[in-house]
Protein chains: 2
Amino acid sequence: MASQSASSPDSNPDSLSTQLAARGYKLTRPRRAVLRVVAETRESLSPSEIHARAKKFYPQTGLVTVYRTLEVLAECGAVRKVHQADGCHSYAPASEGHAHHIICENCHSVVEFEDCDLAEMVKTVQRHTGYKIEGHWLELFGVCPNCRR
Amino acid sequence: MASQSASSPDSNPDSLSTQLAARGYKLTRPRRAVLRVVAETRESLSPSEIHARAKKFYPQTGLVTVYRTLEVLAECGAVRKVHQADGCHSYAPASEGHAHHIICENCHSVVEFEDCDLAEMVKTVQRHTGYKIEGHWLELFGVCPNCRR
DNA sequence: GGGCTAATTGAAAAACGTTTTCAGTTGGGA
DNA sequence: TCCCAACTGAAAACGTTTTTCAATTAGCCC
């Protein structure tokens, strides 16, 4: 079942805050700013885009702190790095557990989905190549409902 | 059916050469050097690794030219950018047509495979999200036969 | 084979994105 | 309120990629 990232329980700023606190991280102003940016977006954003937006909430926010906060959020699983043709330098909100992204080629909006049954394919490929397959990585590209109009 | 990249017809230096010529590219010494490196490897290599190896064949080869040649080769479909956890800065030999890579987490060796039947999944995801899905991108991670020993 | 010309080259410099360093600041428990 | 480890931003360091430019070279034409 697919779910809108921006409205999933885990990218809600409150639950993110408590999740950080639970892991012993302090809830500082710049972190709050980055959290808000991530929670409010439906697009994948580069660190510097996130920095620009975070400054609207807390103008002193430094780019360095954005990098550090993204690292923490990725560790918590709240964001995921998104890999695109032009590089792998943006982050998208993510909910818990195994999930993949669909990215709109037009507006970069991102939606998560979980239906990825690759078991059959993995078996075949293992048989053909002799590799022991331990993980996979899948992204879909397309056009979102908004941009189709 | 899976195929060893290094032995596929398209990463063979000769056919690569004629392919370049067909597109109006000149066959210069540094390009030959990069071609040989790509044709001979079974791993995914970063531009600077490729540069280091290319210098064995033509010592004057500049790193800039490696970047430029990789761009040309990617355009011809002879190499593909490989995306890994630590970044997306390496290239793997690629044969023609739609294919994906399996990358060994231990030695970075790369094998291609073509069995990717995602049609069913794509249909489901389209229904659930409203996105019109136009492409996908899949990489498998695992341990190659050599490293399993 | 020799010469011509556009494509290609390497070195240096610029431009990026990311990480490290460090002295000063701050969140949140005692 | 005080205290201290966690955290911060500015500056500098760093590695990768791109741009610039004068010199070189591949391959066509004669």
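Contact, as the word is used here, means heavy atoms within 4.5 Å. Helices (H or I, at least four residues) and strands (E, at least two) are DSSP runs, numbered from the N terminus. The structure is a predicted model, in which local features need pLDDT of at least 70 and side-chain atom pairs count only at pLDDT 80 or more, while totals for chains, interfaces and linings use all residues. Residues are numbered from 1 along each chain as its sequence is written, chains are lettered from A and ligands numbered from 1 in the order of writing, and side-chain values use heavy atoms, with hydrogens and water left out.

Within chain A, one contact joins two helices: Ala33(A), Val34(A), Arg36(A), Val37(A) and Glu40(A) in helix 2 meet Ile50(A), Arg53(A), Ala54(A) and Phe57(A) in helix 3. By class, six of these residues are nonpolar, none is polar and three are charged. The axes of helix 2 (residues 29-40) and helix 3 (residues 47-57) of chain A come within 8 Å and cross at roughly 115 degrees. Such axes are lines fitted to C-alpha atoms, for helices over the stretch in contact, with angles running from 0 to 180 degrees between N-to-C directions.

The two protein chains may be considered next. Chain A is superposed on chain B by a rotation of 179 degrees with 0.0 Å of shift along its axis, at an RMSD of 0.2 Å. The two copies are therefore related as by a two-fold rotation axis. The superposition is by least squares on the C-alpha atoms of residues with pLDDT of at least 70 in both copies. Among the residues of chain A, Leu138(A) comes closest to the rotation axis, its C-alpha lying at 2.2 Å. The same surface serves both copies, since 100% of the contact residues of chain A recur in chain B.

Sugar and phosphate account for 63% of the atoms of DNA strand C that come within 4 Å of the protein. The largest share of the surface near DNA strand C, four residues, comes from helix 4 of chain A.

Definitions and conventions:
Nonpolar A, V, L, I, M, F, W, Y, C, P; charged D, E, K, R; others polar. Near = heavy atom within 4 Å.
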